[in-house]
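Open the model in a viewer and keep the sequence panel beside it. The stops below say what to select and what is found there.

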Amino acid sequence: MLEIAVKLVGVMAAFLVLPLLVGQTEHKLMAHMQGRLGPMHAGRFHGWAQLIADGVKFAQKEDLVPDAADKPVFKLAPAVALVPYLLVLLFIPLGPGDLVGSSLEMGLFVVLALVGIGVLAVLMAGWASANKYTLVGALRGAAQLMAYELPLVLAAASVAVAAGTLNLQGIVEAWNPWWLLWQAPAAFVFFTAGLAEIRRPPFDAPVADSELVFGYLTEYAGLRFALLLLAEYAGIVVIAALTAVLFLGGWQGPGPESLGWMWTLLKTGALALVVIWLRVAWPRLRVDQIQALCWKGLVPLALAQLVLTTVIALG
Amino acid sequence: MDSSLLGDYAVFGVLLLAGFAFVTAALTANRLLRPSAPSKVKGMTYECGVDPVGGDWAQVQIRYYVYAFLFVLFAVEAVFLFPWAVVAAGFGFAAAAEMGVFVGVLALGLAYAWRKGVLKWQ
């Protein structure tokens with residue numbers, strides 16, 4: 001009982017701390033990549049407390065719900081966006097043995113199902129806002145999330161075949177450095193589709209601020225908006241951690257196994273940096289380009305990888 | 001690894017409740033701290049600061065429905081990949097051949113949709 005309580009507290013702590021770390025890193029990294037300073041005042045030293053200050057500000061803001069909105073759905077959407085990512089963290093192993101919230105046999109399957117809930121939150125937020133911009137944003141989002149669900153699932157299936165298990169710890173144990181080579185297409189597909197699933201640039205057409213105000217988030221303000229933003233950063237953590245665990249060997253690396261959890265965190269952090277980097281470096285894809293990349297690029301690639309994996313794993 | 005199945009789902013359930021409790025606690029704190037001064041203008045639909053034009057739920061051209069159809073076709077089949085992946089190693093060549101048929105059908109379906117121009121944005 002105590003052990004479970006400790007694990008739950010650990011997952012909750014990771015959920016509350018890691019997205020903020022990614023957010024703060026994004027502030028500073030983006031700023032320096034663009035030749036500016038970023039936040040410098042809050043907390044005195046290089047603006048380290050900026051996000052805490054933002055949180056305090058958001059908590060005091062008026063709760064605005066548009067008169068025309070479908071109010072219960074509008075109010076529920078931030079929770080639907082946020083909670084699945086918390087639940088995913090439960091299944092991500094930091095290390096072997098007990099260093100995981102829950103070592104469910106069908107962990108990979110549950111995790112993919114949870115990531116898939118994102119489309120519901122987008123549609124709920126966009127439709128319930130009763131605003132033309134949010135509606136267009138939500139439809140773009142729904143089309144994008146549904147399309148990219150497919151390469152995401154196929155790439156994950158390739159890993160499942162290679163490892164012969166759906167247990168995330170089992171997958172890491174079955175991993176060996178050769179996977180970096182022959183699972184590389186799947187890793188690329190998974191990470192790219194993951195980016196699209198969390199609507200990060202270059203796949204941010206659903207929130208395209210220069211066309212749609214702020215897409216399906218236009219009508220949100222105050223704390224509900226803050227929760228939706230938190231969901232975006234939790235999403236970065238989840239996609240980076242899943243890619244690290246499925247394709248980069250999780251806790252495997254040089255050094256004693258007792259320090260393996262540091263490898264998991266390092267790999268996750270490195271991938272989160274790539275996610276931030278892509279935002280700075282890439283222009284936004286158009287909606288038709290997004291669909292074309294998925295159906296004409298990633299899906300055939302993922303199918304080819306699945307065949308290759310099957311031949312090698314069972315041949 | 002040897003925890004019971006029921007225990008695993010119980011942990012999942014507790015965390016689900018904890019997640020909603022977190023959101024509720026945050027919104028309750030917000031309720032205690034925030035001002036409330038609703039007005040007609042604040043409740044108006046936001047369209048870049050000018051008065052809203054027409055109804056709130058506007059009609060849009062649905063270009064996405066074909067993708068939705070395609071997705072449903074593929075996704076239903078993709079679900080069956082996972083149980084197959086776990087047991088595949090035990091069946092060897094037969095499982096590989098089955099997979100070949102499966103992926104072949106999927107690829108054929110995609111090629112057909114592509115050829116028919118479904119994937120062209122219009």
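Start with the contact between the two chains of this predicted model: select the 63 residues of chain A and the 53 residues of chain B that take part in it. On the chain B side, the elements giving two or more residues are α1 (5–33), α2, α3 (81–91) and α4 (93–115) of chain B. Colouring by class instead shows 42 nonpolar, seven polar and four charged residues on the side of chain B that touches chain A.

Now show chain B by itself. Chain B has four helices and zero strands, in the order α-α-α-α along the sequence. Of its 122 residues, 16% count as buried.

Next, select helix α6 (residues 132–163) of chain A together with helix α2 (residues 65–79) of chain B. Their axes lie 10 Å apart, at an angle of about 25 degrees. An angle under 35 degrees counts as roughly parallel, so α6(A) is roughly parallel to α2(B). The crossing of the two is left-handed. To see the contact, show A:Ala143, A:Met146, A:Ala147, A:Glu149, A:Leu150, A:Val153, A:Leu154 and A:Ala157 from α6(A), then B:Tyr67, B:Ala68, B:Phe71, B:Phe74, B:Ala75 and B:Ala78 from α2(B). By class, this contact has 13 nonpolar residues, no polar ones and one charged residue.

Stay on α6(A) and pick A:Tyr133, which lies in this helix. Is A:Tyr133 buried or exposed? It counts as buried, because it has 24 C-beta neighbours inside 10 Å, where the cut-off is 20 or more. Apart from neighbours within four places in sequence, the residues in contact with A:Tyr133 are A:Leu212, A:Val213, A:Gly215 and A:Thr218. For a distance across the chain, draw a line from A:Tyr133 to A:Asn176: the two are 43 residues apart in sequence, and their C-alpha atoms are 47 Å apart in space.

Move to helix α5 (residues 118–128) of chain A. This helix is largely enclosed by the rest of the structure, because nine of its eleven residues are buried. Select A:Gly118, A:Ala121, A:Val122, A:Leu123, A:Met124, A:Ala125, A:Gly126, A:Trp127 and A:Ala128 to show the buried residues of α5(A). They pack against α3 (71–89), α4 (107–115), α6 and α9 (184–197) of chain A. After α5(A) comes A:Ala130, with a positive phi near 55 degrees.

Then select the largest nonpolar core, which has 134 residues. Its largest share, 22 residues, comes from α6(A). Which residues have the most contacts inside this core? They are A:Leu82 and A:Ala156. Centre on A:Leu82: leaving aside neighbours within four places in sequence, A:Leu82 is in contact with A:Leu227, A:Leu230, A:Ala231, A:Ala234 and, from chain B, B:Val23.

For the last stop, show helix α2 (residues 50–59) and helix α11 (residues 222–247), both of chain A. Their axes come within 7 Å and cross at roughly 140 degrees, which makes α2(A) oblique to α11(A). Here A:Gly55, A:Phe58 and A:Ala59 of α2(A) meet A:Gly222, A:Leu223 and A:Ala226 of α11(A). By class, that contact has four nonpolar residues, two polar ones and no charged ones.

Terms used. Residues numbered from 1 in each chain as written. Chains lettered and ligands numbered in written order. Predicted model: local features only at pLDDT ≥ 70, side-chain atom pairs only at ≥ 80, totals over all residues. Axes fitted to C-alpha atoms, helices over the stretch in contact; angles between N-to-C directions. Parallel < 35°, antiparallel > 145°, perpendicular 65-115°, else oblique. Left-handed = near helix turned anticlockwise from the far one by under 90°. Contact = placed C-beta atoms within 7 Å. Nonpolar A, V, L, I, M, F, W, Y, C, P; charged D, E, K, R; others polar. Core = buried A, V, L, I, M, F, W, Y, C linked by C-beta atoms within 7 Å. Buried ≥ 20, exposed ≤ 12 C-beta atoms within 10 Å, placed from the backbone.
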